[in-house]
Amino acid sequence: MTKKDLDPQKHRILILGASGYIGNSIYKELGPYFRTFGTYRTPKKEFENNQQFFQYNVEEDDVYEILQVCQPTIVISALRGDFNAQFIAHQHIAEYIVAYNCKIIFLSSANVFDAYSKFPSYELDKTLSHSIYGHFKIKIENALLRLPKKQVTIVRLPMVFGANSPRLLDMKTAISDNDAVEVFPNLIMNVMYDKKLTQQIHYIVNRNKSGVYHLGSTDLVHHDEFTKDLLALITKKKVVIKQVFTTNEDRYLAVLPKFNKLPKHLQITSQEILEELEK
Ligand SMILES: NC(=O)c1ccc[n+]([C@@H]2O[C@H](COP(=O)([O-])OP(=O)(O)OC[C@H]3O[C@@H](n4cnc5c(N)ncnc54)[C@H](OP(=O)(O)O)[C@@H]3O)[C@@H](O)[C@H]2O)c1
């Protein structure tokens, strides 16, 4: 008997963007427990040989076809790609969600608040963005928030780090190429660790949680200090730092929870993230 047979809920989960950094981490976390399907865009043997994976290009393919084949009870959206095409895809997902009593977990971003710079943001704060990316995330969030409450979970994320995260790999490449690493000295943010994030999403699935979740470290850090601490973990070399000043004043890009707090064992501090990355 496998773990999947033991699970009483028997969720069927479809992860859009399951070949990506966060989507794949979620796939590895949930795969042993639920019937989990995923999409990839870039052809790769690993996914082509996996019956649970479907090739999907948001700009060309109709997501509804994949939904009808997988018949998920939960869709986890961890996609990137053309913003207009993603918006249309999420409209189709919304139709499926309503028709089949399915749920969606949408990975959004702290950037939905990037027009507010004076404070950290909480779940019920009004979203407002000056960036194209933030605008796009707000547009999908708002479309999903019109659906029945119990069927929608919006997860807002700050920068996510992990041993194989693109951000850390980019730093390693910059170090070996003797390139500068950019820091934003005025940026105060919180951060996230990929392995804790996937546990948090597992908890949201298990407990059938819905609503808006701010999944970031419990404390705030300066971008330049956190980056320098990270660099010290991964190299002994003296790295050239390029300071990028976007404003003269401190600017917050942080998502903290006030209403939807997770249990203590699922919380993490920025220091604990550094300690995890040091292992
Ligand atoms: N990483 C972070 O720090 C962070 C922070 C806040 C929010 N987020 C959000 O989390 C989600 C996942 O981010 P990530 O960092 O894991 O991104 P990622 O590593 O770039 O993965 C993106 C995924 O989307 C797929 N994809 C890209 N273009 C596509 C297209 N045209 N059609 C269909 N699929 C396409 C990729 O497929 P292939 O790889 O197979 O091409 C991959 O599976 C995104 O929605 C992002 O906005 C991430």
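**Entry 1: Glu48 and its partner**

I looked up Glu48 to begin with. Its relative accessibility is 39%, so Glu48 counts as partly exposed. This is a predicted model, and I keep that in mind for each entry below. Which residue does Glu48 pair with in a salt bridge? I found Lys45, with the closest N and O atoms 3.9 Å apart. The cut-off for a salt bridge is within 4 Å, so this pair counts. Both residues sit in helix α3, which covers residues 45-48. They are three residues apart, about one turn of the helix. Lys45 has 59% relative accessibility and therefore counts as exposed.

**Entry 2: the salt bridge of Lys118**

Next I went to Lys118. The Lys118 side chain meets that of Glu249 in a salt bridge, at 3.2 Å from N to O. I checked where the two ends lie. Lys118 is in the loop between β5 (103-109) and α6 (132-145). Glu249 is in the loop between β13 (241-243) and β14 (251-253). The two are 131 residues apart, and the pair links distant parts of the chain. Is Lys118 buried or exposed? At 53% relative accessibility, Lys118 counts as exposed.

**Entry 3: the salt bridge of Arg156**

I then looked up Arg156. Arg156 forms a salt bridge with Glu141, and the closest N and O atoms are 2.8 Å apart. Arg156 lies in strand β6 (residues 152-157), whereas Glu141 lies in helix α6, so the pair ties together parts 15 residues apart in sequence. I checked the cover on each side. Arg156 has a relative accessible area of 2% and is buried. Glu141 has 1% relative accessibility, so Glu141 counts as buried as well. Buried means under 20% here. How many salt bridges are there by this rule? The count comes to six.

**Entry 4: a negative patch**

I turned to surface charge. Which residues gather in a patch of negative charge on the surface? I noted Glu59, Glu60, Asp61, Asp62, Glu65 and Asp82. Asp62 is in the loop between β3 (53-55) and α4 (63-70). The relative accessible area of Asp62 is 35%, so Asp62 is partly exposed.

**Entry 5: positive phi**

I checked backbone angles next. Most residues other than glycine have a negative phi. I noted two residues with a positive value. Gln71 has a phi near 45 degrees and is not a glycine. Gln71 is in the loop between α4 and β4 (74-77). Asn208 has a positive phi of about 55 degrees, and is not a glycine either. Where does Asn208 lie? I found Asn208 in the loop between α8 (194-206) and β11 (211-214). Asn208 is partly exposed, at a relative accessible area of 46%.

**Entry 6: C-alpha distances**

Ala18 and Leu79 are 61 residues apart along the chain, and their C-alpha atoms are separated by 8.2 Å. Ala18 is in the loop between β1 (12-16) and α2 (21-30). At 0% relative accessibility, Ala18 counts as buried.

Then I took Ile132 and Asn111. They are 21 residues apart along the chain, with 9.6 Å between their C-alpha atoms. Ile132 lies in helix α6. Is Ile132 buried or exposed? Ile132 is exposed, with a relative accessible area of 67%.

The last pair was Asp170 and Pro185. Their C-alpha atoms are separated by 19 Å, at 15 residues apart along the chain. Asp170 is in helix α7 (residues 166-176). Asp170 has a relative accessible area of 53% and is exposed.

**Entry 7: the whole chain**

The secondary structure of the protein chain comes to ten helices and 14 strands. The C-alpha atoms fill a box of roughly 50 × 40 × 40 Å along the principal axes. What radius of gyration does the protein chain have? I read 19 Å. A compact globule with 279 residues would have a radius of gyration near 19 Å, so the value agrees. Of the 279 residues, 50% count as buried.

Terms used. Residues numbered from 1 in each chain as written. Predicted model: local features only at pLDDT ≥ 70, side-chain atom pairs only at ≥ 80, totals over all residues. Heavy atoms only, no water. Patch = residues over 30% accessible without salt bridge, like charges linked within 9 Å, V, L, I, M, F, W, Y side chains within 5 Å. Areas by Shrake-Rupley, 256 points an atom, 1.4 Å probe, with all protein chains shown as cover. Lys, Arg positive; Asp, Glu negative; His and termini not counted. Charge placed at Lys NZ, Arg CZ, Asp CG, Glu CD. Helix = DSSP H or I, 4+ residues; strand = E, 2+ residues; numbered from the N terminus. Buried < 20%, exposed > 50% of the residue type's maximum accessible area, 1.4 Å probe, protein only. Rg over C-alpha atoms; globule rule 2.2 N^0.38 Å.
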